[in-house]
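Student: I would like to go through this protein with you. Please show it to me.

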Amino acid sequence: MREHGFKADSLLIKGARVIDPLSRLDAEWDLLLREGRIAELAPKHRIRGAAEETFDARGLVLAPGFIDMHVHLREPGQSQKETIATGTAAAAAGGFTSVCCMPNTSPVIDSQEWVRWLQQPERGARVNVFPIAAATMQSQGEALTDFPALKRAGAVGISDDGRPLLDGKLMRQALQLSSRLKLTVIQHAEDTRMTVSGSMHEGATSFRLGLRGMPGAAESAMVERDVKLAHSSGGHLHIAHLSTADALSFVRRAKRAKARVTCEVTPHHFTLTDQDIGDYDTNCKMNPPLRSAADREAILAGLADGSIDAIATDHAPHAAQEKQMEFERAPFGVTGLETALGLAISELHGKHQVPLIRIVELFTLGPARVLKLNGRGTLVPGNQADLTIFDPKRRWTFEAAASLSKSRNTPFDGWRLTGRLAMTMVSGRIVHYAL
Ligand SMILES: [Zn+2]
């Protein structure tokens with residue numbers, strides 16, 4: 001990474017195409033930063049305050065800092081795969097100013113102590129880290145954790161991600177607490193009784209490859225149950241990495257019925273299908289698995305029409321030797337922080353005409369609303385200057401070998417992408433620069 005020389009307390013960013021989904025702003029505006037915060041935002045040449053330095057951002061899009069609400073930073077316990085320092089460096093390189101880390105670490109994040117540990121400066125995070133705490137003790141699905149205490153320690157959501165909260169009675173209690181505490185419950189929606197020893201989506205391709213399948217119904221059945229529980233309890237249910245058309249239709253129906261239900265999708269699910277597994281490529285093995293072409297079409301429609309709330313990477317790093325084994329034995333998961341922006345612009349904007357302001361919303365206001373991250377995901381004067389600046393037209397090649405993540409398990413190595421990150425700023429400080 002090349003360092004940039006801005007050291008001043010005030011900076012004027014001039015001539016960018018400023019996109020702010022909250023105010024529906026999409027125009028060439030100027031932005032003044034002072035002491036780490038947004039001081040002023042105005043049409044071109046209309047900023048009143050003075051700045052010590054100026055950055056010419058013509059041709060670039062300036063957006064609120066991107067938020068990835070679903071990453072696995074692997075600390076504590078699995079620092080051979082990733083650390084908070086390397087994972088957040090990869091996040092900064094991908095344009096993310098905030099990441100929410102999942103609690104399925106070793107040990108599991110089920111106590112106030114570990115929630116606080118994740119946020120300590122000694123971890124060396126380059127961007128904001130918002131912990132998501134476990135829903136049940138050790139994510140065993142038996143006894144709920146202390147939600148109020150975890151929230152006080154800084155947890156922004158509750159999840160047993162990696163596995164589902166299978167027990168309906170516990171899920172109902174979790175959602176009732178969610179309603180009282182205004183804390184979102186994030187479900188990894190998989191009825192694991194239907195997916196035992198499955199390694200890919202169940203369909204024609206799994207049949208051809210001779211691999212045991214994971215039926216789409218394992219996801220949609222769990223979503224169907226949970227949206228009912230969310231509706232009756234008043235709790236906020238968020239479906240992680242939604243991947244099937246049927247599950248999306250349950251989410252749509254719940255939203256129409258005014259239940260508090262939201263969902264996210266990953267770049268790999270809107271880009272690839274089960275056929276991309278090709279010759280048993282373990283870098284296409286993740287959970288939920290790559291689905292059918294019809295599921296992907298449904299997700300693309302949901303991204304465009306507003307029924308999907310956020311894009312989240314489910315960045316799941318694994319060491320090379322773990323993925324270099326036969327398909328059925330390899331672990332689930334792919335990295336994703338550095339390719340999300342390029343894939344969103346190439347696939348959604350380039351091929352499916354999704355407007356840039358909608359893509360920005362899926363990376364900013366959408367996740368901020370799901371997790372109630374006040375002051376994030378918008379460009380409001382007074383807010384922390386968390387900014388993502390990118391060139392929407394720049395073509396580039398993603399090289400996994402150059403990734404800042406500790407791991408390389410990506411299906412997108414060598415892909416030509418359109419849309420490249422230029423600069424990531426957290427509280428007015430440049431944390432990645434790639435111009
Ligand atoms: Zn998951």
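Tutor: What follows concerns how the parts of this protein meet. It is a predicted model, in which local features need pLDDT of at least 70 and side-chain atom pairs count only at pLDDT 80 or more, while totals for chains, interfaces and linings use all residues. Residues are numbered from 1 along each chain as its sequence is written, and side-chain values use heavy atoms, without hydrogens and water.

Student: What are the domains into which the protein is divided?

Tutor: Domain 1 covers 10-62 + 386-433 and domain 2 covers 65-370; such bounds come from an automatic or database domain assignment.

Student: How do you know which residues are in contact?

Tutor: Contact means heavy atoms within 4.5 Å. By that rule, 38 residues of domain 1 are in contact with 49 residues of domain 2.

Student: What makes up the area that domain 1 and domain 2 bury between them?

Tutor: Buried area is the accessible area (1.4 Å probe) that two parts lose on being put together, summed over both. Here that is about 3,300 Å², with 65% on carbon and sulfur atoms. K406, N409 and F412 supply 20% of the area that domain 1 buries against domain 2, more than any other three residues.

Student: How many salt bridges does the rule find across the interface?

Tutor: A salt bridge needs a side-chain nitrogen of Lys or Arg within 4 Å of a carboxyl oxygen of Asp or Glu. Across the interface of domain 1 and domain 2 the rule finds 0.
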